[in-house]
Amino acid sequence: MLCALSGEAPQEPVVSKLSGSVFEKRLIEKYIEENGKDPVTGQDLTLDDLLPIKTARVVRPRPPTLTSIPALLSTFQNEWDALALETFNIREQLTRTREELATALYQHDAAVRVIARLTQERDEARDALSKVTVSGTGASNGDAMAVDAEALPVELVAKVEETQAKLSKSRKKRPVPEGWATTEDVSSFAVTTENSSEIEQPTALSVEEDYAAIGGPGGNVAIYSIEADKVERSLAVGEPVTDSIWKGSRVVFATAKGSVKVYENGSEVVSFSDHAGPATGLAMHPSGEILASVGSDKSFVFYDLVGLKRATRVFTNSSLTTCAFHPDGHLFAVGTVAGDITFFMTATGEQATSFSLGAPVQSIVFSENGFWFAATAKGQTTVTIFDIRKEGDAAKVKVLEVGGTVQDLAWDYSQQFLATAGPAGITVQQYTKSSKKWTELARKDFAATQVAWGRDAKQLIAVGQDGRIGVLAAVAE
């Protein structure tokens, strides 16, 4: 009868009720205290489950091998060898454990870094795709555009509200400015001057008073004098120009590298780099103190031109191609590659309404009546007039067939004349309020990619793909 733990004859044998195995009492009690289980079956075992076995006391005889010094030395040597082997095994296990620990720590560190990156991407995605509740006029398709609405600073909100109150009040009864171009003037438009802008494949045109700024993919900008019919000076923007806008003494350029650069009196005063991709469009608030840019990174940015700093940024769910402020400045319209024209509240960044054009939006311009805006899409030969007070198909007031691809639009300040530019030439469409009809006043064979009205709408400045700049003006019969 041997102990199941020590393999020797027990001095105080006990038997387990669960397994029927015999143990040395002191050994099994210590095992139960540490583990609480039967060492043979693994079942829960308590001291009450042990039964003592009554046997005669066993007197262990001395092993005959331990009766001489050589035998004792041999035994000691065997024990030492066993101890050395056990020590070696323990060291080997310690080395493996250290390696496993180092691997686990490396994996843990890598996992933490991956989690941090994914968390950042998740937060950015949530910012870009979080839904907003659209109040007022809803989108025509009933879907909400995913945006991260961000309001303007308080001082700029006050400026937006002040500008809206001032302009909306005077718009209703505002007469055509004195000395403005008449229907007869526009009907007799012809190319009176034509020159080279010195810019290859122009991509941007902006006009202020008697000067025009023409930019191109080479990063150079030509400042053209309309009156003198010559390029007077040039600016080195250093990046491919995608759009420009001129207001007062400041001219602003958007670039294909995502920059928005502000020049004043020929010198760069500030450069913003908020877009992750190309900046595709610019718009100036009627107050002249807020600049907007849109980009292919699905965001639009408002800048404070007084403090020369970024004011706010809003993400949408589609790449943006062009933009425009409402004449009162309280609404901001963006065109997308998905073919939607979406309106946002300037002060809060929240979506107001949306219209569908069916193809990537090429150009957006507002009428000064505050109700209409015109838009055209890439590759379209039509210009669609929308009424922002209506929804769905009812919002399409008129679809004008131009007869050629339209690349740019320009609506004059008197809200009478809408100019279109494209490879097929330039047209001027007129809306007569009394008869509520559209009429084509002029069509000129000047292939243009950009067009803008000059002083008092008595001139049209156009730039062609070949770099030519032409001025259309009335010709006396």
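In strand 18, A333 is the bridge partner of A324. The model is a predicted one, in which local features need pLDDT of at least 70 and side-chain atom pairs count only at pLDDT 80 or more, while totals for chains, interfaces and linings use all residues. Residues are numbered from 1 along each chain as its sequence is written, and side-chain values use heavy atoms, with hydrogens and water left out.

Strand 18 covers residues 331-336 and pairs with strand 17 in the antiparallel sense over 5 bridges. Strands (E, at least two residues) and helices (H or I, at least four) are DSSP runs numbered from the N terminus, and two strands pair if DSSP finds at least two bridges between them. The hairpin of the two strands has 5 residues between them, and G329 takes a positive phi near 85 degrees there. Strand 17 (residues 320-325) is largely enclosed by the rest of the structure, because 5 of its 6 residues are buried. Buried means under 20% relative accessible area, exposed over 50%, and partly exposed in between (1.4 Å probe, protein chains only).

C323 counts as buried at 6% relative accessibility. C3 is also buried, with a relative accessible area of 4%. A search of the whole structure finds 0 disulfides, a disulfide being a pair of cysteine sulfur atoms within 2.5 Å.

I28 lies in helix 1 (residues 25-35). At 0% relative accessibility, I28 counts as buried. Leaving aside neighbours within four places in sequence, I28 is in contact (heavy atoms within 4.5 Å) with L5, V14, F23, P39, L45 and L50. S6 is 22 residues from I28 in sequence, and the C-alpha to C-alpha separation is 10.0 Å.

The view now widens to the whole chain. There are 4 helices and 31 strands. The domain assignment gives domain 1 (1-60), domain 2 (82-125) and domain 3 (154-474), with bounds that come from an automatic or database assignment. Between domain 1 and domain 3 the C-alpha centres lie 96 Å apart.

The C-alpha trace spans about 145 × 45 × 40 Å along its principal axes. The radius of gyration of the chain is 42 Å, whereas a compact globule of 477 residues would have one near 23 Å; the radius is taken over C-alpha atoms, and the globule rule is 2.2 Å times the number of residues to the power 0.38. Of the 477 residues, 43% count as buried. Among contacts between residues at least 6 apart in sequence, 44% join residues at least 24 apart.
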